[in-house]
Amino acid sequence: MKALEKKHINAVFVAAFIILVAVNIVTYLNIRLHLDDEAVINYAFTAIQISESLLSDITEAETSRRGYFITNDMFFLKQHYSAINDVDSVFKILKNEVKKNDRQIDMIDSLGFWISNRKYIWKESIVTQETKDLRDQISFTTKGREVQERIKLLISRFQEEERNILNQRLKEADTSASYTLISQICGSIIAYILLITGVLVLNKNISKRKLVEDSLWESRNWFETTLQSIGDGVIVTGKAGEIVFMNKVSENVTGWKEIEAKGLILDHIFKVVDEKTGVKPKELVNIIFDVPLTGKIIGGVQLKPKKGLSIPIEFSASSLIQNQEKPIGNVYVFRDISERRKAEKELLDNKKFIQRIADSIPSIIYSYSLKGPQLKYVNYKIVDLLGYSPTEAMRVKIDFFSKLIHPDDLSRLLSRYKKFLNANDSET
């Protein structure tokens, strides 16, 4: 996945997350408003109900007082006192409710004043009922009616204000609920669209990434198969010099299995020393972290395997570079040159044997290349016959005959060489 695509996908998910958080915050704030509105609405309903009950109890007290006034029956007087007690109780409840919301405390205080006044008039009118003073009773009835009207007016104003507040809060609650619903629906739709878009893009990139991974896996298998099939030993290390890959040839040469060597440092597996001194060459001291051998074949060294005698090898090392920037490891390629060394030794022994034979012959034996032309070889008998050492003769090279052969013999020798050029093998 490219960095730019990843950045865009992250931006989509972040935007969706922010929108969802914003929707939740708006919803939370609207719920708080709903709760506040609900509290006010509940208070208004309760206050209206209590005020209705208060007015009903006051009316009941007045009605029972009139019944007692007309009939002089003690039953109505008992109802009157019971209604007064209900008035006191209900008014106390109403006053406590109003304390929760102090908008109408002044009005409730005024209502309490007139209720006390009404109770006083009731009390005095009952006293005059017992004294049979008709004039005082009429006076108290008139005063009581005026106070009763004031009480009704105050309760009516109180209820009207509560109903106005109730209607306003119900309207605000409906508006707030609409805004909440709209914000939730719109925000959720936008957030889900962004999330779906992000998921689709992510799945698309995951599919691309899977294709790339499959391609890389195929390349890696091809690479490993190729490394396993070549005739040289191959060891791959990571940045810290740890073994990450060994092919079969390297396992056979070092004596270490890949499964055993993985994770170990290269120096534990690939122990290279100078063939003559038996110590590690200076140029290979820091071979893990400093690879100066890229493209250069190093010879004259031996590898100490896990078991057995040291093996002469040639090897080269190269750095693995990622995106042409940072090295991510090294590759070491080496081969066992034991057979070649054996063949070189046999060739040297044969050369020395032939040299001894050539030096024992009483005549001068030499090899002269006509392609040069130059002298390629001469035996030591030249010292006895001509006084030149083989080294001196070889140093002369192309001018050997022109300088050392007598001029009378040179032309004849050159004609003989022309015959040599056209002669068949084994022809004398």
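**Close-up 1. Arginine 340 forms a salt bridge with glutamate 314.** In this predicted model, the closest N and O atoms of the two residues are 2.2 Å apart. Look at where the partners come from: arginine 340 belongs to helix α8 (residues 338–360) and glutamate 314 to strand β5 (residues 311–322), so this pair ties together parts that are 26 residues apart in sequence. Is glutamate 314 buried or exposed? Glutamate 314 is buried, with a relative accessible area of 19%, because the cut-off for buried is under 20%. Arginine 340, at 36% relative accessibility, counts as partly exposed.

**Close-up 2. Arginine 340 also has a salt bridge to glutamate 344.** Here the closest N and O atoms are 3.7 Å apart. Why are these two separated by about one helical turn? It's because arginine 340 and glutamate 344 are 4 residues apart in helix α8. Glutamate 344 is partly exposed, at a relative accessible area of 40%.

**Close-up 3. Lysine 345 and aspartate 349 meet through their side chains in a salt bridge.** The N to O distance is 3.3 Å. Both residues sit in helix α8, and since they are 4 residues apart there, about one helical turn separates them. Lysine 345 is exposed, with a relative accessible area of 51%, whereas aspartate 349, at 36%, counts as partly exposed. How many salt bridges does the count come to? The count comes to 12. As a general point, side chains of opposite charge can pair when their charged atoms come close.

**Close-up 4. Leucine 54 sits in the largest nonpolar core.** This core has 25 residues, and those with the most contacts inside it are Leu54, Leu94, Leu111, Ile115 and Ile151. Which helices each supply at least two of its residues? They are α1, α2 (74–100), α3 (105–131) and α4 (134–229). If you set aside neighbours within four places in sequence, leucine 54 is in contact with Val87, Val90, Phe91, Leu94, Leu111, Ile115 and Ile155. Apart from this core lies another one, of 20 residues, including Val253, Ile269, Phe270 and Ile298. In soluble globular proteins, nonpolar side chains tend to be buried together.

**Close-up 5. Phenylalanine 45 and glutamate 162 are 8.0 Å apart in space, C-alpha to C-alpha.** Phenylalanine 45 is found in helix α1 (residues 3–71) and is partly exposed, with a relative accessible area of 41%.

**Close-up 6. Two phenylalanine pairs are edge-to-face.** The aromatic pairs come to 5 in the count. Phenylalanine 75 and phenylalanine 76 are 5.7 Å apart, centre to centre, with 75 degrees between the planes. Phenylalanine 75 is partly exposed at 48% relative accessible area, and phenylalanine 76 is partly exposed at 25%. Phenylalanine 270 and phenylalanine 315 also pair up, at 5.3 Å centre to centre and 80 degrees between the planes. Phenylalanine 270 lies in the loop between α7 (266–269) and β3 (271–274) and phenylalanine 315 in strand β5, so the pair ties together parts that are 45 residues apart in sequence. Both phenylalanine 270 and phenylalanine 315 are buried. Ring pairs join Phe270, Phe315, Tyr332 and Phe334 into a cluster.

**Close-up 7. Lysine 306 has its charged end over the ring of tryptophan 256.** That charged end is 4.5 Å from the centre of the ring.

Terms used. Residues are numbered from 1 along each chain as its sequence is written. This is a predicted model: local features need pLDDT of at least 70, side-chain atom pairs count only at pLDDT 80 or more; totals for chains, interfaces and linings use all residues. Side-chain values use heavy atoms; hydrogens and water are left out. Buried means under 20% relative accessible area, exposed over 50%, partly exposed in between (1.4 Å probe, protein chains only). A nonpolar core is a set of buried Ala, Val, Leu, Ile, Met, Phe, Trp, Tyr and Cys residues joined through side-chain atoms within 4.5 Å. Contact means heavy atoms within 4.5 Å. A salt bridge is a side-chain nitrogen of Lys or Arg within 4 Å of a carboxyl oxygen of Asp or Glu. Rings of Phe, Tyr and Trp (its six-membered ring) pair if their centres lie within 6.5 Å; planes under 30 degrees apart count as stacked, over 60 as edge-to-face and the rest as tilted. A charge sits over a ring if NZ of Lys or CZ of Arg is within 6 Å of the ring centre and within 35 degrees of the ring normal.
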